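Here are a few friendly notes to read alongside the model. Please keep the structure open as you go through them.

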Amino acid sequence: MAKVTSKGLRTILSACWYLNHIHFGIDWPQYYTCEPTDFTGTDKQKDLVIGGTGCMWGELCLMVINILPRTWPRALAIGERLWSSKDTTDLNDAKMRLWEHRCRTRGIPAEDAVRSNYCRYEWRFT
């Protein structure tokens, strides 16, 4: 990020948000704690960071079978990170918000990547 922004170029971050990496257990904190402007650079350089994106590569993900279950809960963490201020870092607070939203899957077969627990209810359309 420092190298690209030092040339005056706008950029988005994706390196820390590769969703196809295989992890066991709860893995959303690694996505949530990645901050796009957390690099050595000037304020002017950090202003050139316009966002980020989660990436799902196909070689470890069977698109038809597990793209939605794997992507959905982790994308929640990425989305909150990108829409929140840099000062929003409380993982316990985030866990409750992300879990509540994960339970509102609206028919998406999402993995339990936020909390190893059952939803009080499933908001699914039938």
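1. A salt bridge here is a side-chain nitrogen of Lys or Arg within 4 Å of a carboxyl oxygen of Asp or Glu. By that criterion Arg74 pairs with Asp27, their closest N and O atoms lying 3.0 Å apart. Please bear in mind that this is a predicted model. The pair links distant parts of the chain, since Arg74 sits in helix H4 and Asp27 in the loop between strand E1 (11–13) and H2, 47 residues apart. Both Arg74 and Asp27 are buried.

2. Now for the overall layout. The protein chain has five helices and two strands, and from the N terminus on its elements run α-β-α-α-β-α-α. Of the contacts with a separation of 6 or more, 62% are between residues 24 or more positions apart.

3. On burial and surface: 34% of the 126 residues are buried. The chain exposes about 8000 Å², and carbon and sulfur atoms supply 57% of that area.

4. Which residues of the largest nonpolar core touch the most other members? They are Trp17, Trp28, Tyr31, Tyr32, Ala77 and Leu98, in a core of 13 residues. Helix H2 (28–32), helix H4 (63–83) and helix H5 (91–102) are the elements that give two or more residues to this core.

5. Back to the charged pairs. How many salt bridges does a search of the whole structure find? The count is four. One of them joins the side chains of Glu35 and Arg81, with an N to O distance of 3.4 Å. Glu35 lies in the loop between H2 and helix H3 (43–46) and Arg81 in helix H4, so this pair ties together parts 46 residues apart in sequence. Is Glu35 buried or exposed? Glu35 counts as buried because its relative accessibility is 16%, under the 20% cut-off. Arg81 is buried too, with a relative accessible area of 3%.

6. A salt bridge within a helix is worth a look as well. Asp93 and Arg97 bring their closest N and O atoms to 2.5 Å. Why are these two separated by about one helical turn? Asp93 and Arg97 are four residues apart in helix H5, which means a separation of about one turn. Asp93 is partly exposed at 41% relative accessible area, and Arg97 is also partly exposed, at 33%.

7. A last point concerns a network: salt bridges link Glu80, Asp93 and Arg97.

Definitions and conventions:
Residues are numbered from 1 along each chain as its sequence is written. This is a predicted model: local features need pLDDT of at least 70, side-chain atom pairs count only at pLDDT 80 or more; totals for chains, interfaces and linings use all residues. Side-chain values use heavy atoms; hydrogens and water are left out. Buried means under 20% relative accessible area, exposed over 50%, partly exposed in between (1.4 Å probe, protein chains only). Contact means heavy atoms within 4.5 Å. Accessible areas come from the Shrake-Rupley method with a 1.4 Å probe; for residues, only the protein chains shown count as cover. A nonpolar core is a set of buried Ala, Val, Leu, Ile, Met, Phe, Trp, Tyr and Cys residues joined through side-chain atoms within 4.5 Å.
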